[in-house]
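Reader: I am new to this structure and would like to go through it step by step. Where should we begin?

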Amino acid sequence: MADHFYTKIKWRCPSNIAIVKYWGKKDHQVPCNPSVSMTLSEAFTEVEMEISPKKDKDVKGVELEYFYEGIKNVPFQLRVQTYLESNLESFPFIKNHSIHINSSNNFPHSTGIASSASAFGAIALSLVDAQNEFSYLSEKKSFYKKASEMARLGSGSACRSMYGGFAIWGHHPNVKESSDQFAIELTDIHDNFKQMQDAILIVDDQQKKVSSSTGHSLMNNHPYAQSRFLQAQKNAEEIIKVLSNGDYDTLIQVAEAEALTLHAMMMTSHPYYLLMKPGTIDAIQKIVHFREETHTPVCFTLDAGPNVHVLYPSAFKTVVTEFINNDLKPFLKEVIFDKTGKGPEKLY
Ligand code: PMV
C-alpha cells in the first residue's frame with residue numbers, strides 16, 4: 001500500500017431524470033421515500049482528477065482546487081471541500097495528497113439543468129477509483145455500489161446515475177437489495193422502455209430562487225409529508241411493475257402524477273413557493289392535448305424547476321420530434337434531445 005502516489009483519472013457521469021421523485025430527506029442524505037430514475041445519455045459531467053502528494057506534509061486538512069472548464073469555481077470548490085472533509089474515513093489518501101479537479105458539462109451551463117447529480121457522480125467515481133487503484137479500499141461492496149453511496153453523500157439524486165437504464169434508490173420492501181445508502185440497477189425492463197427519449201424543454205434558464213436543499217428541508221414540517229412518502233412508496237412499486245410489463249398508460253399516469261405532486265409539495269410548504277412558469281403549464285397542456293389527439297405514448301415530467309422533460313419511446317421519435325419542433329420549440333429558450341443512457345464511463 002503506497003503512502004504517496006500520483007494519478008490522473010477521468011470519469012464521465014451522466015445525469016438522470018426521476019420518474020418517482022425523491023423529495024424529503026433525513027440526516028446523512030437518507031431519503032424519506034424510494035425513487036426511480038432513468039439515466040440520461042447526453043447530459044453528462046466529465047471530471048478529471050489529478051492526485052499528487054501534498055507538497056507540505058504538515059499542512060492539515062483537505063488540499064483541493066476545483067476548476068470548471070478551466071476557470072476556478074469557488075462556490076463549488078467549497079461544497080466539494082466540505083464533502084471531502086466529512087468523508088476522510090472513506091478516502092484516507094486525501095489526508096496526505098492534494099486534489100486538483102477540472103470538470104466540464106456537455107450541456108449548456110445556463111439552461112438550469114441540475115448538474116450536481118452528474119458532477120457528484122463523476123467526483124465519487126473518481127475518488128472510489130483512486131482508492132481502488134492504491135488498494136486502500138477495504139470494503140467488499142461492488143465498485144458501483146460504493147461509488148453510488150459516496151455520490152449520495154454529495155448530492156442525493158447523484159447516486160442513481162451509476163447505472164445504465166433505470167435505477168432505484170431507497171429501501172423498498174418488495175425490491176431485493178434496495179437500500180437507502182445507495183442505488184441499484186433495475187434490470188427487468190420491457191422492450192417498450194429500453195430506448196426512451198427525453199426531450200428537455202428549456203422554459204427558463206435563470207438560476208432558481210429556492211434550492212433543492214431548501215425544498216427537501218421544507219418537507220420536515222410539511223402537513224402532507226407522511227401521505228406523500230406513502231404515495232411515493234406505492235408509486236415506486238407500480239413503476240417497477242410497469243417497467244417490466246411495458247404498460248405505457250400506467251407509466252404515463254404515474255410519471256405525470258409524480259411531477260405534479262412534487263410541485264404541489266412546494267406550493268403547500270411553509271413558506272410556499274412556485275417554480276413553474278407560464279411556459280411550463282403551456283408545454284404541459286400541449287403535451288397532454290397532443291397525446292389525446294394522436295394516442296402517442298408521450299408524457300411530461302418535471303424536476304425541481306420550470307423546465308419540462310418530455311418522455312417517449314424511441315419508436316415514436318419522428319412524430320414527437322415533429323410535434324416538439326412545430327408546437328413547442330418556438331416558445332422555448334432551447335430544447336435538448338436526450339435519451340436513455342448506458343451509465344458512467346471511465347475515460348482514463
Ligand atoms: O439530489 P437533489 O438534492 O438535488 O434533489 C433532487 C430532487 C429532484 O430532482 C426534484 C427529484 C429527484 O428524485 O431527482
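Author: A helix here is a DSSP run of H or I with at least four residues, and the numbering of helices starts at the N terminus. The model is a predicted one. With that in hand, a place to begin is the residue that follows α7, where phi is positive, near 55 degrees: His 295.

Reader: What span should α7 have, and how far apart are its end C-alpha atoms?

Author: α7 has 17 residues, and at 1.5 Å a residue they should span 24 Å. The distance between the end C-alpha atoms agrees with that expectation, as it comes to 24 Å.

Reader: Where do the buried residues of α7 sit around the axis?

Author: The buried residues of α7 are Thr 280, Ala 283, Ile 284, Ile 287, Phe 290 and Arg 291. They cover an arc of only 130 degrees around the axis, so they lie on the same side of α7. Turned away from that buried side is a face with the exposed residues Pro 278, Gln 285, Glu 292 and Glu 293.

Reader: Which elements do the buried residues of α7 pack against?

Author: Contact here means heavy atoms within 4.5 Å. The partners of the buried residues of α7 include the strands β10 (196–202), β11 (299–302) and β12. The helices among the partners are α6 and α8.

Reader: How many cavities of 30 Å³ or more are there, and what is the volume of the largest cavity?

Author: A cavity is a set of points where a 1.4 Å probe fits but cannot get out. The count of cavities of 30 Å³ or more comes to two. For the largest cavity the volume is about 40 Å³.

Reader: Which element supplies the largest share of the lining of the largest cavity?

Author: The lining consists of Gly 279, Asp 282, Ala 283, Lys 286, Asp 327, Leu 328, Phe 331 and Leu 332. By class these are four nonpolar, one polar and three charged residues. Both α7 and α8 (317–328) supply at least two residues each. The largest share is four residues, and it comes from α7.

Reader: Which element gives the most to the lining of the second largest cavity?

Author: The second largest cavity, with a volume of about 30 Å³, is lined by Met 196, Tyr 248, Leu 251, Ile 252, Pro 297, Cys 299, Leu 311 and Pro 313. Two or more of these residues come from each of α6 and β12 (308–313). The lining divides into eight nonpolar, no polar and no charged residues. The most, three residues, is given by α6.

Reader: Where is the cis peptide bond, and in which loop does its proline lie?

Author: Most peptide bonds are trans. Here a cis bond joins His 270 and Pro 271, with omega at about 0 degrees. Pro 271 belongs to the loop between α6 and α7.

Reader: Is Gln 29 buried or exposed?

Author: Gln 29 is not a glycine, yet its phi is positive, about 55 degrees. Gln 29 is placed in the loop between β2 (25–26) and β3 (30–31). Buried means under 20% relative accessible area. The relative accessibility of Gln 29 is 13%, so Gln 29 counts as buried.

Reader: In which loop is Glu 177 found?

Author: Glu 177 also is not a glycine, and its phi is positive at about 70 degrees. Its place is the loop between β8 and β9.

Reader: Where do the buried residues of α5 sit around the axis?

Author: Ala 225, Arg 228, Phe 229, Ala 232, Asn 235, Ala 236, Ile 239, Val 242 and Leu 243 are buried in α5. Their arc around the axis is only 140 degrees, which puts them on the same side of α5.

Reader: What covers the buried residues of α5, and which residue follows this helix?

Author: The cover includes β1 (7–20), β4 (35–53), β8 (166–169), β9 (183–186) and α6 (248–267). The face turned away from the buried side carries the exposed residues Gln 226, Leu 230 and Lys 234. After α5 comes a residue with a positive phi, near 80 degrees: Gly 246.

Key. Residues are numbered from 1 along each chain as its sequence is written. This is a predicted model: local features need pLDDT of at least 70, side-chain atom pairs count only at pLDDT 80 or more; totals for chains, interfaces and linings use all residues. Side-chain values use heavy atoms; hydrogens and water are left out. Buried means under 20% relative accessible area, exposed over 50%, partly exposed in between (1.4 Å probe, protein chains only). The arc is that of the directions from the helix axis to the C-beta atoms. On a 1 Å grid over the protein atoms alone, a cavity is a set of points where a 1.4 Å probe fits but cannot get out, and a pocket is an open set with protein on both sides within 12 Å along at least five of seven lines; lining residues have an atom within 4 Å of a point. Grid points are joined across faces, edges and corners, and a volume is the space filled by probe spheres set on the points. Ala, Val, Leu, Ile, Met, Phe, Trp, Tyr, Cys and Pro count as nonpolar, Asp, Glu, Lys and Arg as charged, and the others, Gly among them, as polar. The expected span of a helix is 1.5 Å times one less than its number of residues.
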